[in-house]
Amino acid sequence: MTKDIDWQAWNGDFDLRGMGRNGERPDPDKIARVDVLRMNPIFAHRCRELILAGMTEVQAKVLLYEVSPKQTPPDLINYFQQIPGRHKRLATEKFENFALLGITKNLAFGDREMINSQIVVVGPSECGLSAIERLLLDKDLYFTSITLLVPEGVTVGGVGNTLTGRNLVKLGLECRITLLAAEVVSLDRESRIVGLSNGEDVNYDYLVLTAGLQDQTRCHLQRTAESKFSSVVTIQELLADSSKGLPERRQNIIVYGSEIDAYHALSLLEARGTPRERVRHVIPEGVVSPMAECLKSAAGMLNLGLPDTATMTLVEVEEAEENKLICSFEVRNIQVAVRDSVRCPALTTSFAQVRDEITEEFKNVDEQCDVLVACDTGDINPSLFQCINESSLVYDGRLVVDQDFQTNDPRIYGGGSMAKFSRSVHPCLKMETCNSREVGQKLGESLVRHFKLQSLNVHDPPAELGPPDFSMSKAVGCTLPGAAFFVFAGTKEAMAKPSIEAVEGGRCLSTKTADAFFQLNLDSSMVVCSAIYCGRMRVSAPRLSCIVGLPSAYLNGIVEKYDNKDISDLMLFLHGGWAEALYHDRFSELRASLLKRTSESKQNESDSEPDAWLQSHVREEVESFIKANLHELPAYTITA
């Protein structure tokens, strides 16, 4: 043990407030670090006393232990509390490459329950990883058996993701859970066994399905051929390059799909040296992606020339010599001829006569390429869908779950883009429009609540808590050809209908510079419902998400200044020093506290000076927030 610690690094990357009294940060002078953690099994029954004796020896009240990636789990890890990593959104961030465990006297002798139930999580999506994070960070329960199925490894990050590699390192996944590189191919609900693609069988007590949606072009093609189509790659494989040498040994490439991932693929190929004339972008017939249309509108505002597209539907792929592909596309040619002389008072008759003038022709077009990059609309993995279907789990376009994220089998949970709430819970809400991390956190909370009730021998479910509410905004984005970036951050309502147009009763604030187009959409209540960026400078999607959902009054008089033409660059304005607090990872806690104060003020309207009472408490809380985080808010000062 040693008192030689890097307090600024720990406090900057981890939320240490749980280690101090009353949720406060511990005194740095009372913290020690343990470098080696070993225990002779003979003294295992006295381990807590020995740990506390060591802390007394070095005069520490908090003992912290750093766990590096791929490190073997240390002895006595179950006595330590995992310290939550901070999801920082500040512009300058130092990254520590370890997870952090901590113990105090209260934790050492606390009554923490061991949960030995086998929990299997299918899919390393942001929702699934966030659910695991919630389980691992629980202070009352210690989960000993969590398995995560990662068919293609754990890949996070990107323009629009809020969960990054640094967040995973802080979580210490490889230290606390088992990772299996396989996908589900069979499900036995009665025996509670999942069969994996590597031939193994895994038992589960609780199964969590968070596999998300992916392009299934390759799977659809394999229904009619035995070939594995090694030259058909997904956007994930293109990102990883999959040791295929892309695009060095490839000449002609087709990017197929209407989603924004297709533009991301085009930019990746361009960045790797593939000439634009060697790449063709094909969009399937009749498929329109609202987000892609929003992207094209924003790119048009910046006069950013996107590659031309062809509209035709892929129906078949054959492998030719030298690993080349022959892609067969179906092209629909519609001809409409309307005769001016046709006039009929009866609507049905008129429609019939006009319809007779419509001719529809189909023809097949063969295109040869070296690589087909599949970026079509995502869907559930066919093998997983077959398991769900054969196991009689309710599926209605998505896996149906209740307010507790449980399917019709209480041992099986679901969440993320592959799931949806039953119509009695959320009749119109699409889970994929919600913030994936927030969905995962609430899914994890549901599991934790279940185990805590189980430990209390509560067999009858408590009174319904009601459907879960999702308030966090979501962001999506991609890189674009021409070294540009696109980000769309919005509320769940805006994500359901992404558009560059103003919402009904609202207004748009937009600016365009030589390098960027930026737009804020305000609803009828002057609350920011979406933020759209397209430009040559990479921006932080999580930072844009912080602004979405805030009343415009939080944004330093932005509407008045915009109307007075005092703002020439909205993006630059929102990155001013005054806005640092808005991007702080604890600002949401401050805002929630202020809203609570406002509610209390309304209840105390009988007081002689309610406004003065509210102003006093608001000022006190804001000053307390700034003082506690002053080293991370250099633009702020506290005056006497």
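Biologist: What joins β27 to β28?
Modeller: A hairpin of three residues joins them. Keep in mind that this is a predicted model.

Biologist: How many bridges join β27 to β28, and which way do they run?
Modeller: Six bridges, and the two strands run antiparallel.

Biologist: Which residue in β28 is the bridge partner of L509?
Modeller: That is L520.

Biologist: And how does β28 pair with β29?
Modeller: In the antiparallel sense, over seven bridges. β28 covers residues 516–522, and β29 covers residues 528–535. Look at N521 there: S530 in β29 stands opposite.

Biologist: What holds paired strands together in general?
Modeller: Strands of a sheet pair through backbone hydrogen bonds.

Biologist: Okay, zoom out. What is the strand order in the sheet?
Modeller: The order is β25-β26-β29-β28-β27. That makes an open sheet of five strands, with antiparallel pairing.

Biologist: Which strands stand at the edges?
Modeller: β25 (474–480) and β27 (507–512). Each has a single partner strand, so one side of each is left without a neighbour in the sheet.

Biologist: How much are neighbouring strands turned against each other?
Modeller: By 10° on average in this sheet, direction ignored.

Biologist: Which helix lies across these strands?
Modeller: Helix α10, residues 290–301. It lies across β25, β26, β27, β28 and β29. Its angle to β26 (484–490) is about 125°.

Biologist: New topic. How many residues are in the largest nonpolar core?
Modeller: It has 57 residues. I119, F143, L207 and L209 have the most contacts inside that core.

Biologist: Which helix gives the most to this core?
Modeller: Helix α4, residues 126–136, with six residues.

Biologist: Back to L207. What does it touch?
Modeller: Leaving out residues up to four places away in sequence, L207 touches V120, V122, L187, V194, R411, I412 and Y413.

Biologist: What lines the largest cavity?
Modeller: Q82, I83, P84, G85, H87, E133, L137, N167, K170 and L171.

Biologist: Which helix supplies the largest share of that lining?
Modeller: Helix α5, residues 165–171. Three residues of the lining come from α5.

Note on methods: Residues are numbered from 1 along each chain as its sequence is written. This is a predicted model: local features need pLDDT of at least 70, side-chain atom pairs count only at pLDDT 80 or more; totals for chains, interfaces and linings use all residues. Side-chain values use heavy atoms; hydrogens and water are left out. Two strands pair if DSSP finds at least two bridges between them. Helices (H or I, at least four residues) and strands (E, at least two) are DSSP runs, numbered from the N terminus. Axes are lines fitted to C-alpha atoms, for helices over the stretch in contact, and angles run from 0 to 180 degrees between N-to-C directions. Contact means heavy atoms within 4.5 Å. A nonpolar core is a set of buried Ala, Val, Leu, Ile, Met, Phe, Trp, Tyr and Cys residues joined through side-chain atoms within 4.5 Å. Buried means under 20% relative accessible area, exposed over 50%, partly exposed in between (1.4 Å probe, protein chains only). On a 1 Å grid over the protein atoms alone, a cavity is a set of points where a 1.4 Å probe fits but cannot get out, and a pocket is an open set with protein on both sides within 12 Å along at least five of seven lines; lining residues have an atom within 4 Å of a point.
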